[in-house]
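Please read the following points beside the sequence and the structure.

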Amino acid sequence: KTSTVTVNPIPVISVNSPTICSGNSVTLTATGATTYTWSTGETGNTISVSPTTTTSYTVVGTTNTCPSLPKTSTVTVNPTPVVSVNSPSICIGNSATLTATGAATYLWSTGETGNTISVSPTATTTYTVIGTTNTCPSLPKTSTVTVNSIPVVNVNSPTICSGNAAILTATGATTY
């Protein structure tokens, strides 16, 4: 009498370990087996996850009733940068320096890059900047440059007699 023992190999599985920006989701994909069970309780070779911090997930693959060794997928979560920018006031004809902070690189609505740009608007204008760190973009941040007109000052020109005092009065501005 002969008995045949079939030895099935243990599957060797692989899984991706992606990097995402905070607030995003990603698909984890395992290969190398017939069925899969994840540490989340889900089954199937792909699952969608949305971790808020760097998180590890484990998957075990099974082929012909033989389970694989557990394989770990680490999803690295990069934070979304928080950008700040100034909103200066200038007199018409002058320029303003806009300075953004909170990210590694910047892109302005003017097309310029860098954390500092110089602008010379002729009317009150709003500019937008997006900062990026580790491929993660910030929410758009706006800077409003308020353009004040140059005041037109008028002053009276009284006529007096020699030895008398005169009152000079200026109008058209806030301070003199």
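1. Thr29 is found in strand E3, and the model in which it is described is a predicted one. Leaving aside neighbours within four places in sequence, the residues in contact with Thr29 are Ser14, Val15, Asn16, Trp38, Asn45 and Thr46. A separation of 9.0 Å lies between the C-alpha atoms of Thr29 and Ser48, which are 19 residues apart along the chain.

2. Three strands form an open sheet in the order E1-E3-E5, with antiparallel pairing. Strand E1 (14-15) and strand E5 (46-49) are the edge strands, each pairing on one side only. In general, strands of a sheet pair through backbone hydrogen bonds, in either a parallel or an antiparallel manner.

3. How many bridges join E1 and strand E3? The antiparallel pairing of E1 with strand E3 (residues 26-31) runs over two bridges. Ser14 has Thr31 in E3 as its bridge partner.

4. A further pairing concerns strand E12 (residues 105-108). Strand E12 and strand E14 (residues 125-133) are paired in the antiparallel sense over four bridges, and Tyr106 stands opposite Gly131 in E14. The covered face of strand E12 holds Tyr106 and Trp108, whereas Thr105 and Leu107 make up the uncovered face. As a general rule, the side chains of a regular strand alternate between the two faces of the sheet.

5. Apart from neighbours within four places in sequence, Asn78 is in contact with Thr19, Ile20, Cys21, Ser22, Asn134 and Cys136.

6. Ser138 is found between strand E15 (136-137) and strand E16 (141-148). With a relative accessible area of 7%, Ser138 is also buried. Not counting residues up to four places away in sequence, Ser138 touches Thr80, Pro81, Val83, Ile130 and Gly131. Gly131, one of these residues, is also the residue of E14 that Tyr106 stands opposite.

Note on methods. Residues are numbered from 1 along each chain as its sequence is written. This is a predicted model: local features need pLDDT of at least 70, side-chain atom pairs count only at pLDDT 80 or more; totals for chains, interfaces and linings use all residues. Side-chain values use heavy atoms; hydrogens and water are left out. Two strands pair if DSSP finds at least two bridges between them. Contact means heavy atoms within 4.5 Å. Buried means under 20% relative accessible area, exposed over 50%, partly exposed in between (1.4 Å probe, protein chains only).
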